[in-house]
Amino acid sequence: MIRFFRSGNPLTVLLLLIYTIAVKFYYLIHPSTFMADGSEGLLYHLLVKWMFTFTGDSPLLYTVLAVFLLFLQSLLFTRIINHHRLFSRPTYLPAMCYLLFTSMLQSWNVFSPALIVNLIMLWVFSSITELYTRTSARDVVFNIGFALGICGLFYFPSVIFCLLLLISMLIMRAFRLAEWIISVLGIICPIYLMGTYLFLTNQVTSLWKIPNIGLSLPLITDYKVWGAMIACLLFFVLGWLLLQRPLKKMLIQGRKIWAALIIYVLVAMLIPFFNVHFSAAYWVLAVLPVSMFAGNVFWCIPNDTFANVIHFITLGYVIVMQYFS
């Protein structure tokens, strides 16, 4: 099976769709409604309220939408990876890994602010990869900042991704104070516009919902969460170690993009700790970049049989956690 996903054949998308239905089937027959745990942002609250008027409280509809978003994100992520040739040949392995790893935890398959933020972050990451080739990047960093500000309106702790933007600017470009100031202004702009709209429409009481952030240091007792996080961290570390040799043969831009991906993983892992109420569901933000390193694990294994064994062990763990735990 790994041999098919290793290929960049466009027909692999059909196999990827079948794979998505297979690994997500348990969640489709045991659907969950949208997430509302008190950590969501104002825009997410308004979006769910608007959707509720048309669809009602249908768990199946929201689960199908969540699975569709995961499938779409896997395809868009693969397109970015193949466009920048981060692997020596086009491949769908990161897409497969993203769909596989998000199947480890039920909360990663629920319609939530994190899934919407992940969709926006794909555009953010794609724009970050272009910073190295730009002579002037003021418009790009403002647009990235603006997108991160919108992320904050869906899930406010995601504004911490501004660290990803600032550190990526240091990696990709020489330090220019004007670009840093413009990026921060871009982040503030959507929040300012939303606050202005609420003030002018006499909805001042809704202003307090925008900075919805806290600090949580929870004691995690759910073995499923531990299992999913250990698996993700293991593949992340292995993918990073296996990357060292091919990294030397890459162009400078490719090396810098991989470095930005490491920062992406580290920042995304910290974000859920700034929830009002801690939830492991928001670690799906880190699964997206981790799937890149997991894909590299399968890519670097020359023996397809051994790669398939690792894949089926991981898939077996997913099935056991879904159906028999």
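This is a predicted model: local features need pLDDT of at least 70, side-chain atom pairs count only at pLDDT 80 or more; totals for chains, interfaces and linings use all residues.

Guide: Residues are numbered from 1 along each chain as its sequence is written, and side-chain values use heavy atoms, with hydrogens and water left out.

Visitor: Why is R173 called buried?
Guide: Buried means under 20% relative accessible area, exposed over 50%, partly exposed in between (1.4 Å probe, protein chains only). R173 has 8% relative accessibility, so R173 counts as buried. R173 sits in the loop between α8 (162-172) and α9 (177-200).

Visitor: Which residues does R173 touch?
Guide: Leaving out residues up to four places away in sequence, R173 touches L131, R134, T135, S136, A137 and E179; contact means heavy atoms within 4.5 Å.

Visitor: How do you know where empty space is left?
Guide: A probe the size of a water molecule is rolled over the atoms. On a 1 Å grid over the protein atoms alone, a cavity is a set of points where a 1.4 Å probe fits but cannot get out; lining residues have an atom within 4 Å of a point. One cavity of 30 Å³ or more turns up in the whole structure, and the largest cavity holds about 50 Å³.

Visitor: What lines the largest cavity?
Guide: The lining is M229, C232, L233, M269, W283, A286, V287 and V290.

How values were computed. Helices (H or I, at least four residues) and strands (E, at least two) are DSSP runs, numbered from the N terminus. On a 1 Å grid over the protein atoms alone, a cavity is a set of points where a 1.4 Å probe fits but cannot get out, and a pocket is an open set with protein on both sides within 12 Å along at least five of seven lines; lining residues have an atom within 4 Å of a point. Grid points are joined across faces, edges and corners, and a volume is the space filled by probe spheres set on the points.
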